[in-house]
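Keep the viewer open and follow along, one region at a time.

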Amino acid sequence: PPLKDQSVYPPVERGRLKTWIGVGGSPESVVRAAHYDLPLMLAIIGGDPKRFAPYVDLHQRAYQQFGRTPQPIGVHSPGYVAETDAQAREELWPHYKVMRDRIGKERGWPPMGR
């Protein structure tokens, strides 16, 4: 249901709050985004980003079937920033490997190497 007189945090500086449908690998969610005429945000938490290309194609096809102009597609992927790229790699590596290997074990991915 629509929100009425509801505060949103953090507050929106101006205009309207943008809403996207986040998808991590479900074709049904891609079609749902098109059905509701909302932008699509691909949540890429590991693996090769190229494997999400079929979802982009599905999103375009769904919009054609609904007779609408497609909404934008974005990508969300974890990142880390430091003074230099080398410093960021060194600081993030041990933590990223633990997280990636934990997810990968559930999904059948091999352990990550540098």
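## A nonpolar patch

Leu17 is found in the segment before β1. Strands here are DSSP runs of E with at least two residues, helices are runs of H or I with at least four residues, and both are numbered from the N terminus. Leu17 counts as exposed, at 55% relative accessibility. On this scale, buried means under 20% relative accessible area, exposed means over 50%, and partly exposed is in between, with a 1.4 Å probe and protein chains only.

Together with Val8 and Val12, Leu17 makes a nonpolar surface patch of about 230 Å². Patches are made of residues with over 30% relative accessible area and no salt bridge; nonpolar side chains (Val, Leu, Ile, Met, Phe, Trp, Tyr) are joined within 5 Å, and like charges within 9 Å. The areas come from the Shrake-Rupley method with a 1.4 Å probe, and for residues only the protein chains shown count as cover.

## About the model

This is a predicted model, in which local features need pLDDT of at least 70 and side-chain atom pairs count only at pLDDT 80 or more, while totals for chains, interfaces and linings use all residues. Residues are numbered from 1 along each chain as its sequence is written, and side-chain values use heavy atoms, with hydrogens and water left out.

## The sheet

Now to the strands: an open sheet is formed by 3 of them, in the order β1-β2-β3, with parallel pairing. β1 (21-23) and β3 (73-76) stand at the edges with a single partner strand each, so one side of each has no neighbour in the sheet. On average, neighbouring strands are turned by 30° against each other, direction ignored. For such angles, axes are lines fitted to C-alpha atoms (for helices, over the stretch in contact), and angles between N-to-C directions run from 0 to 180 degrees.

Strand β2 (residues 40-43) pairs with β3 in the parallel sense over 4 bridges; two strands count as paired if DSSP finds at least two bridges between them. Leu40 has Ile73 in β3 as its bridge partner.

## Helices on the sheet

Helix α1 (residues 27-35) packs on the sheet and touches β1 and β2, its direction making about 160° with that of β1. Contact here means heavy atoms within 4.5 Å. Helix α2 (residues 53-66) lies across β2 and β3 and runs at about 165° to β2.

Is Ser29 buried or exposed? This residue of helix α1 counts as buried, at 13% relative accessibility. Leaving aside residues up to four places away in sequence, Ser29 touches Ile21 and Val23.

## Salt bridges

How many salt bridges are there? The count comes to 3, where a salt bridge is a side-chain nitrogen of Lys or Arg within 4 Å of a carboxyl oxygen of Asp or Glu. One of them joins Arg14 to Glu13, with the closest N and O atoms 3.1 Å apart. Arg14 is exposed, with a relative accessible area of 65%, and Glu13 is exposed with 73%.

Another links Arg114 and Glu90, with the closest N and O atoms 3.1 Å apart. Arg114 lies in the segment after α3 (85-107) and Glu90 in helix α3, so this pair ties together parts that are 24 residues apart in sequence. Arg114 counts as exposed, at 64% relative accessibility.

Lys97 and Asp101 also form a salt bridge, their closest N and O atoms being 2.5 Å apart. Both lie in helix α3, 4 residues apart, which is about one turn of the helix. Lys97 is partly exposed at 24%, and Asp101 is partly exposed at 21%.
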